[in-house]
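Me: I am new to this structure. Please take a close look at its salt bridges and walk me through them.

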Amino acid sequence: MFRVAYRQYIGEGIMHSQRVHLRGKNRYISQRFITHQSSGVISTSYRGVARFSPWSKRFSGSLRTRILLQSAFYAACIVGLTELANSYISRDTENTTEYSKTQYGSHKDLALAIKELREGLPGNNSVSTEPTTLQTYGFSEHSYHPSSPHSVVVRPNCTADVVNIINIARKYKIPIVAYSGATSLEGHTSGFSSGSICLDMSRMDQIIQINEDDCDLVCQAGARWEDINEMLKQKGIPLFFPLDPGPGATIGGMIGTGCSGTNAVRYGTARAEWFLNITAVLPNGEVIKTRNRARKSAAGFDTTKLFIGAEGTLGIVTEATLRLTPVIPTKVAMAQFPDVAHAVSAVQEILNTPYGSHIQCVELLDDHMMEATNIAGLVEHPYPVKDTLFFKIQGDSALIKGTSEIVQTIVQKHGSTCFKFAATDDEAQDLWQNRKYALTSTLAANPGTRCWTTDVCVPVSRLPQLVLETKMDLAESGLLSTIVGHVGDGNFHALILFRDNEELGRVSSAVHRLVHRAIALDGTCTGEHGVGVGKKEYLVNELGEGTVELMRMVKRAIDPHNLLNPGKASFDMTQTLRNILTTV
């Protein structure tokens, strides 16, 4: 029987080789093929294996067996590829896998940590676990990003208290989230799902030292910028701190988010030299001071800047030395335009004149914002409802006069129908206060609504296009909104209203389109609000994976247990793994 089969295989091999020979052009190759096939080795081997292959037509098993074997093969391939991806991650992103699997403390650990916190901070109401308090500190009224309540709120009085809190948190592996002015809008201070310690810095609000001759002062991180300027005014010191974000913002929060404000067109942002140094407590409990009080230093890395914009993920800022600047006389003026594009174009031309450096602030309030200001009843005399620019012009009387003439000429050239100065200092203050309380006015003018506030920033020349396209997008989406902006530096805020979850979904989509529109114009997803939870998803698109990974490397080096504000800013290690797996 074996001989019959063998002869049959040989015969089939010869017949097959003859067919190849007839089609081919090379007799030598054909002859070698005949010789090899005639041995019967390949043919016998092939037919023997084919009986066991679930992909072969000669498979001897049932259809069910065929399917099971094929499924098992594919499953093995998937497992193998997964293991390959894991080894790739371990090799090319040192510590990332380990970092992403950080094991935070259990409920028992959390209870022990709270017990030690109460013992270490015995003062009145220094440690709170009252449910309402935990809920209030873990959520923001005007933030609609995922959030959780904290497990405990602690209120330190000094740097030593912060060191004690961080050491306890590290001992029990409990995340820490710094909290102060509660003015952030991107979920910076929300709690961590496994349990977290909220570090309320509001008691650390002292001004420690004023160095008038050097134009600087030292204060604790919980001091509010408005209180600092008011104190300087009351003491008759003709200096002020020029960074002016939202009312109630504190120095620690301003450092954390890299803030700016209405004065940015003249004085820049937190990333300029307004913070000469900071004192911070690192995740290992060590206290550092980034540099001395000298106005400039070329000694090593600028470690002060490392903490600006880090949103409390690298260390807890407890003190800072602020650079102050002289108070200069100002006049407030208002100009109104037929549309936003004309208004913003006028600003570009004004700032490019020799008088541009005398513009301290230039703020845009669109027609909807002006209407909301009137309806809210915060002004004594209603304004015309048009797209409006507010200017602060600074200098002596001669400079203000010369700058005003240039500004008036240019705004008229761009279609302004009204240009006037505030008649009195009180009127000027009221005008500026209305700009500062834009959110309050927007909500007061639209009872029953809630507001999602977002910001982006683009090169100034691109701002007219961005604002115009955004207003059209919001109108087509059927959403009520107001727009205000620091148009002198290309930064604007959209305050978008909604009443229910259906409208909230549309608002979220509109914000997403706005951010991508700004990045496409060579801009940024946030000019001053910061990243928090809300803007994390845009960082790689804006900065590139390499830059974002560099920031993550710094985070891993300083905070290897991922205890400080985990999941905020650019330091979402889960997202890192997801990006790598997608690449693989």
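Reply: What follows goes through the salt bridges pair by pair, then turns to a surface patch.

This is a predicted model. A search of the whole structure finds 21 salt bridges.

Start with Arg-293 and Asp-216. Their side chains meet in a salt bridge, at 2.9 Å from N to O. How exposed or buried are the two partners? Arg-293 has 30% relative accessibility, so it counts as partly exposed. Asp-216 has 1%, so it counts as buried. The cut-off for buried is under 20% relative accessible area.

Next, look at helix 15 (residues 397-413). Lys-401 and Glu-405 both lie in this helix. They are four residues apart, about one turn of the helix. Their side chains meet in a salt bridge of 2.8 Å, N to O. Lys-401 counts as exposed because its relative accessibility is 53%, and the cut-off for exposed is over 50%. Glu-405 stands at 43%, so it counts as partly exposed.

Now move to helix 19 (residues 501-520). Arg-506 and Glu-502 both lie there. Again the spacing is four residues, about one turn of the helix. The side chains of Arg-506 and Glu-502 form a salt bridge, with N to O at 2.9 Å. Arg-506 is partly exposed, at a relative accessible area of 26%. Glu-502 is partly exposed too, at 49%. Some salt bridges also share partners: Glu-273, Arg-291, Asp-302 and Lys-305 are joined by them into one network.

Finally, turn from charged side chains to nonpolar ones. Trp-55, Phe-73 and Tyr-74 form a nonpolar patch on the surface. Together they have about 350 Å² of accessible area. Phe-73 is found in helix 4 (residues 63-92). Its relative accessible area is 43%, so Phe-73 is partly exposed.

Lys-401 and Glu-405 pair within helix 15, and Arg-506 and Glu-502 pair within helix 19.

How values were computed. Residues numbered from 1 in each chain as written. Predicted model: local features only at pLDDT ≥ 70, side-chain atom pairs only at ≥ 80, totals over all residues. Heavy atoms only, no water. Patch = residues over 30% accessible without salt bridge, like charges linked within 9 Å, V, L, I, M, F, W, Y side chains within 5 Å. Areas by Shrake-Rupley, 256 points an atom, 1.4 Å probe, with all protein chains shown as cover. Salt bridge = Lys/Arg side-chain N within 4 Å of Asp/Glu carboxyl O. Helix = DSSP H or I, 4+ residues; strand = E, 2+ residues; numbered from the N terminus. Buried < 20%, exposed > 50% of the residue type's maximum accessible area, 1.4 Å probe, protein only.
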